[in-house]
Amino acid sequence: MSRLLDDLDSQFRLKAFELIARCCEAGILVMIITTGRTLEEQRKALENGFSSTMNGKHLPQPPEGKSKAIDVCPYEEFQLHGPDKLQWNSSDPIWTKIGLIGEKLGLRWGGRWKRPFDPGHFEEGR
């Protein structure tokens, strides 16, 4: 799986940059978890319940043959261990803040989905 912003479609990449920047402005540091996937990686994501389709936006999309989706995860600070831990607890309100930032940018947010609920996922369109 890729975490490279260069693996994003050029138009979508602009939205991904802005999502990350707006999160930083709001004091929310995020790690890029996934940008692009191969077909085999998508198959494994489907098998492991991280995706519900073999037509996911992380796969190469026309016209550029690059991803139109990004997965992010916020950092959680621990007083004893420093700011190097990720906040995977999807019930934390920080996820809603990130989701609303993405939606304001016109991105489709996986936190609105029932199955699979995917609060760190953003893709092209609404």
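Residues are numbered from 1 along each chain as its sequence is written, and side-chain values use heavy atoms, with hydrogens and water left out. Because the model is predicted, local features need pLDDT of at least 70 and side-chain atom pairs count only at pLDDT 80 or more, while totals for chains, interfaces and linings use all residues.

**Helix H1**

Helices (H or I, at least four residues) and strands (E, at least two) are DSSP runs, numbered from the N terminus. Helix H1 covers residues 10-25; at 1.5 Å a residue its 16 residues should span 22 Å, and the distance of 23 Å between its end C-alpha atoms agrees. The expected span is 1.5 Å times one less than the number of residues. Phe 12, Arg 13, Ala 16, Leu 19, Ile 20 and Cys 23 of H1 are buried (buried means under 20% relative accessible area, exposed over 50%, partly exposed in between, with a 1.4 Å probe and protein chains only). Seen down the axis of H1, the buried residues fall within an arc of 115°, so they line one face of the helix; the arc is that of the directions from the helix axis to the C-beta atoms. Gln 11, Leu 14 and Glu 25 are exposed on the other side of H1. At the start of H1, a side-chain oxygen of Asp 9 comes to within 3.1 Å of the backbone nitrogen of Gln 11. Gly 27, with a positive phi near 80°, follows H1.

**Salt bridges**

The structure holds 8 salt bridges, each a side-chain nitrogen of Lys or Arg within 4 Å of a carboxyl oxygen of Asp or Glu. Three of them are tabulated here.

| Pair | N to O distance |
|---|---|
| Arg 22 and Glu 18 | 3.1 Å |
| Lys 68 and Glu 124 | 3.6 Å |
| Glu 123 and Arg 108 | 2.7 Å |

Arg 22 and Glu 18 both lie in H1, 4 residues apart, about one turn of the helix. Arg 22 is partly exposed at 35% relative accessible area, as is Glu 18 at 29%. Lys 68 is buried at 10%, whereas Glu 124 is partly exposed at 34%. Glu 123 is buried at 6%, and Arg 108 is partly exposed at 33%.

**His 58**

His 58 lies in the loop between helix H2 (39-47) and strand E2 (69-78). His 58 is buried, with a relative accessible area of 3%. Its contacts (heavy atoms within 4.5 Å) beyond four places in sequence include Thr 34, Gln 42, Asp 71 and His 121.

Methods
A polar contact is a pair of N or O atoms within 3.5 Å; within protein, one must be able to donate a hydrogen and the other to accept it, and residues adjacent in sequence count only if both atoms are side-chain atoms.
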